Structure formats: structure tokens, C-alpha cells
Amino acid sequence: MKVKDIMTTPIIVHKSDTISHAMELMNKKDTRRLLVMNGSDIVGVITMRSIARKLGTWKTSNLPASSLHVATATTDLFS
């Protein structure tokens, strides 16, 4: 068995996209993680957990997800 046999195409979102767009992609593709790109560079990963943390802070709790960028909830820890 080779890696290419089980590997899937990564789902990518740009760091300037909105969090609501990222959430729609996660829902549509049935995943909880997206790769975050800046141009052709991978800058991190956005997860449902990081979105929940960002939207749950007192500063952003009254802001809609459509007003926040993916970069605000991106983590650069690749695990």
C-alpha cells in the first residue's frame, strides 16, 4: 500500500477568507480541519475548536463569523 492510495486532496482556505466561509466548507466537505494558505504557502490550520475559541472570547462574542477573517483563528501548530 502506498500513501497515494489513502491520501485525499486537502481542503484549502485562504487566510483572508471569512470564518463563516471556512465553516461552510467544513460542513459541506464533512471535515473539522482546513489548511490555511497565504499565496502558495501553508501558514497553518483552522479547526472547529479554534473557531469556537475565537468566537467565544468576550471581544468577539458579539461579532458575526462573517466579519472575522480565517487568520484570526488559525493555529500554526501542525499536529
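Two strands pair if DSSP finds at least two bridges between them. Keep that in mind while touring this structure, which is a predicted model.

Stop 1: Select residues 12–14, 33–38 and 41–47, which are strand 1, strand 2 and strand 3. Together the three strands form an open sheet with mixed pairing, in the order 1-2-3. Strand 1 and strand 3 are the edge strands, each pairing on one side only. Look along the sheet for its twist, which averages 40 degrees from one strand to the next. In general, strands of a sheet pair through backbone hydrogen bonds, either parallel or antiparallel.

**Stop 2: strands 2 and 3.** Keep strand 2 and strand 3 on screen; the two run antiparallel and are joined by six bridges. Now pick methionine 37. Which residue of strand 3 is the bridge partner of methionine 37? The partner is isoleucine 42.

**Stop 3: helix 2.** Select residues 19–29, which make up helix 2. Helix 2 lies across strand 1, strand 2 and strand 3, and runs at about 170 degrees to strand 1.

**Stop 4: the core.** Show the side chains of Val13, Ile19, Leu34, Ile46 and Val70. These have the most contacts inside the largest nonpolar core, a set of 13 residues. Helix 2 and strand 2 each supply at least two residues of this core. The largest share, four residues, comes from helix 2.

**Stop 5: valine 70.** Finish by selecting valine 70 and what surrounds it. Leaving aside residues up to four places away in sequence, valine 70 touches Val13, His14, Lys15, Asp17, Thr18, Ile19, Ala22, Val36 and Ile46.

Conventions. Residues are numbered from 1 along each chain as its sequence is written. This is a predicted model: local features need pLDDT of at least 70, side-chain atom pairs count only at pLDDT 80 or more; totals for chains, interfaces and linings use all residues. Side-chain values use heavy atoms; hydrogens and water are left out. Axes are lines fitted to C-alpha atoms, for helices over the stretch in contact, and angles run from 0 to 180 degrees between N-to-C directions. Contact means heavy atoms within 4.5 Å. A nonpolar core is a set of buried Ala, Val, Leu, Ile, Met, Phe, Trp, Tyr and Cys residues joined through side-chain atoms within 4.5 Å. Buried means under 20% relative accessible area, exposed over 50%, partly exposed in between (1.4 Å probe, protein chains only).
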